[in-house]
Amino acid sequence: MAASWRLGCDPRLLRYLVGFPGRRSVGLVKGALGWSVSRGANWRWFHSTQWLRGDPIKILMPSLSPTMEEGNIVKWLKKEAVSAGDALCEIETDKAVVTLDASDDGILAKIVVEEGSKNIRLGSLIGLIVEEGEDWKHVEIPKDVGPPPPVSKPSEPRPSPEPQISIPVKKEHIPGTLRFRLSPAARNILEKHSLDASQGTATGPRGIFTKEDALKLVQLKQTGKITESRPTPAPTATPTAPSPLQATAGPSYPRPVIPPVSTPGQPNAVGTFTEIPASNIRRVIAKRLTESKSTVPHAYATADCDLGAVLKVRQDLVKDDIKVSVNDFIIKAAAVTLKQMPDVNVSWDGEGPKQLPFIDISVAVATDKGLLTPIIKDAAAKGIQEIADSVKALSKKARDGKLLPEEYQGGSFSISNLGMFGIDEFTAVINPPQACILAVGRFRPVLKLTEDEEGNAKLQQRQLITVTMSSDSRVVDDELATRFLKSFKANLENPIRLA
C-alpha cells in the first residue's frame with residue numbers, strides 16, 4: 001500500500017509505468033525517482049529498462065521575430081551537459097544574432113544541424129536533449145520531425161525542337177565583303193548613287209552606317225577616288241508560297257554580333273558576373289522595402305532648419321563633459337512634436353489607422369549587413385543625455401548583431417540620418433506599419449540676407465539642415481505633414497522647448 005501511494009504521488013513515474021510515453025521534462029531529480037520504486041529497485045534499473053523510457057526533447061528552430069521565416073545556426077555553445085537557462089546555440093535571424101537558451105536540464109545528445117548551416121526553416125529539428133544517465137549515444141533521430149529536405153529548383157521545360165524544314169536558302173552575302181547595318185537615310189543615298197556600304201567605314205553606334213558615312217562615299221565617287229561598284233541584282237526567281245522561314249528572315253544588314261556582358265552559370269568565364277549570397281537580414285530588408293514602396297502611397301515634405309541654437313547648447317554641454325550629438329536633439333525634437341501632435345503618432349496595419357499609446361523612435365543604424373532600426377523607448381520623456389546613451393548602446397549592439405527582438409520590433413516613428421556621410425538631403429522609404437520616416441541630411445553653412453536692428457541688410461552665416469518627411473498618405477495627409485514639420489522646425493530651432 002505504501003509503495004502504491006508513493007507511485008500515485010509522482011504523476012510522471014505513473015505515466016511511464018502505465019505505458020503512456022511522451023515528451024518529458026529533463027528536470028527529473030534522481031532521488032525522487034529512487035524512492036518511488038520499492039523493494040530494492042533503484043534509479044539505474046529504472047532507466048535501464050527500455051520500455052520505461054520516454055522520447056527525447058526535441059530542439060526545434062524557433063521563431064525569434066515576427067518576420068522570421070528561416071534561421072542560420074551560427075555556433076553551438078554546448079556539447080553535452082546542459083542546465084536550464086544555459087545558452088545552447090547562437091541563431092542568426094532576419095534582424096540579429098540571438099542566443100537560444102535551454103528550458104530543461106539534461107544532455108545534448110544529438111546535434112542534428114551543424115553550426116554554419118543556413119536557411120533552416122522554422123520548426124525544423126536542430127538537436128535532441130535526453131535526461132542525464134540515459135544511454136544517449138544511441139539515441140535515434142525521430143522521423144516525425146526533422147530538417148526539411150533541400151528544395152530542388154524545378155527543371156525548366158526545354159522547348160520542343162522545331163521540325164526541320166529543308167528549304168534551300170539563298171545567301172546574298174558574298175565572301176570577303178563586309179556587312180553593315182544601314183540607317184534609312186544612308187540606305188536611300190547608297191541606292192540613289194549605286195554605291196555599296198562595304199566601300200566605306202561605319203562610324204555610328206554599334207556599327208551603324210549613318211547618313212554622314214554615305215555622304216562621304218558620294219564625295220569620294222564625285223572626285224573619282226572610287227568607282228560605282230553596286231552588285232548586279234540576281235534574276236528574280238519564280239514566286240512560290242512563302243514559308244515560315246522566309247517570313248521571319250532578317251534584314252540584309254543584320255545587327256553585328258556583340259558578346260554578352262555576362263554569362264549566367266559560368267562564374268569563371270571572362271566577363272561574367274559573380275553571384276553574392278544574400279544574408280537573412282539583407283533578404284528581409286529587400287522584401288520589406290519592396291512591399292513598402294509598392295503598397296504604401298508615399299508623400300514627401302521638405303523643410304530647412306537652423307541649427308545655430310542647437311550647436312551653441314551642444315558646445316555648452318561639452319564644457320560640462322556631456323557629449324551629445326546633433327542627432328540626439330533631432331530625436332528629442334521629433335518625440336516632443338509627436339507628443340504635441342498625436343494625430344501623426346499612428347500606424348497602418350492593413351485594416352486602418354491605429355492610434356499608438358507610446359512614442360518610441362526607431363533610429364536607422366548602418367551596419368555591414370544593412371540598415372537596422374533599434375528603438376529609443378519613450379523618447380519624449382527622456383533627456384538629451386539619456387537619449388545619447390541609449391543610441392550609443394543600441395548602435396553598438398546593432399553593429400555587433402546582438403539586438404534583442406524587443407529592441408528593434410515596434411516603434412511609432414523612424415529617423416534616418418545620413419548627414420555623417422556627407423549627404424545634403426534624401427528621401428527615405430517608410431518602415432511599415434509605421435506611417436512616417438524623417439530623412440535628415442548634413443548641416444551646412446549657408447549665407448542668408450538678414451536685417452540688423454537698424455534695418456540695414458547684411459549677410460549672415462547660418463548652419464542649416466534639410467529634413468524630408470515621407471508619410472503614408474492614407475494616414476497622414478499633406479496638410480498634417482506640413483503642420484508636423486512646422487512644429488518640428490520650431491522645436492529644433494528653440495532647444496529650450498525640448499527641456
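Strand β3 pairs with strand β6 (residues 106-111) through two bridges, and the two run antiparallel; strands here are DSSP runs of E of at least two residues, helices are runs of H or I of at least four, and both are numbered from the N terminus. Two strands count as paired if DSSP finds at least two bridges between them. Alanine 81 lies opposite isoleucine 107 of β6. The model is a predicted one, in which local features require pLDDT of at least 70 and side-chain atom pairs count only at pLDDT 80 or more, while totals for chains, interfaces and linings use all residues. Residues are numbered from 1 along each chain as its sequence is written, and side-chain values use heavy atoms, with hydrogens and water left out.

The β3-β6 pair belongs to an open sheet of four strands in the order β1-β8-β6-β3, with antiparallel pairing. Because β1 (57-60) and β3 (81-82) stand at its edges with a single partner strand each, one side of each has no neighbour in the sheet. Antiparallel pairing joins β6 to β8 through four bridges, and isoleucine 107 stands opposite valine 130 in β8. Four bridges also join β1 to β8, again antiparallel, with leucine 125 of β8 as the bridge partner of leucine 60. Strand β8 (residues 125-130) is largely enclosed by the rest of the structure, because six of its six residues are buried. Buried means a relative accessible area under 20%, exposed over 50%, and partly exposed in between, computed with a 1.4 Å probe on protein chains only.

Another open sheet has four strands in the order β5-β4-β2-β7, also with antiparallel pairing. Its edges are β5 (97-101) and β7 (120-121); each has a single partner strand, so one side of each lacks a neighbour in the sheet. Strand β2 (residues 70-76) is joined to β7 by two bridges and runs antiparallel to it. Glutamate 70 stands opposite arginine 121 in β7.

The protein holds twelve helices and 21 strands. Of its 499 residues, 37% count as buried. Among contacts with a separation of 6 or more, 61% join residues 24 or more positions apart, a contact being heavy atoms within 4.5 Å.

The largest nonpolar core has 56 residues, of which Ile361, Phe413, Leu438, Phe488 and Leu492 touch the most other members. Helix α10 (residues 326-340) supplies the largest share of this core, nine residues. Apart from it lies another core of 19 residues, including Leu64, Cys89, Leu100 and Ile120. A nonpolar core is a set of buried Ala, Val, Leu, Ile, Met, Phe, Trp, Tyr and Cys residues joined through side-chain atoms within 4.5 Å. Beyond its neighbours within four places in sequence, phenylalanine 488 contacts Cys305, Ile330, Ala333, Ala334, Thr337, Leu438 and Val467.

One aromatic pair is present in the structure. Phenylalanine 413 and phenylalanine 484 form this tilted pair, with 5.5 Å from centre to centre and 40 degrees between the planes. The pair links distant parts of the chain, 71 residues apart: phenylalanine 413 is in strand β18 (residues 413-417), and phenylalanine 484 is in helix α12 (residues 478-493). Rings of Phe, Tyr and Trp (its six-membered ring) pair if their centres lie within 6.5 Å; planes under 30 degrees apart count as stacked, over 60 as edge-to-face and the rest as tilted. Phenylalanine 413 counts as buried because its relative accessibility is 0%, and phenylalanine 484 counts as buried at 0% as well.

Serine 292 is located in helix α8 (residues 280-295). With a relative accessible area of 0%, serine 292 is buried. Not counting residues up to four places away in sequence, serine 292 touches His298, Val429, Ile430 and Pro432.

For helix α9 (residues 308-319), the twelve residues should span 16 Å at 1.5 Å a residue, and the end C-alpha atoms are 17 Å apart, which agrees; the expected span is 1.5 Å times one less than the number of residues. Aspartate 321 follows α9 and has a positive phi, near 60 degrees.

The mean pLDDT of the protein is 76, and 70% of its residues reach 70 or more; pLDDT is the predictor's confidence in each residue, from 0 to 100. Over residues 1-53 the pLDDT is below 50, and this stretch has 65 contacts in the model beyond near neighbours in sequence. Residues 162-177 also stay under 50, and the model has four contacts for them beyond four places in sequence.
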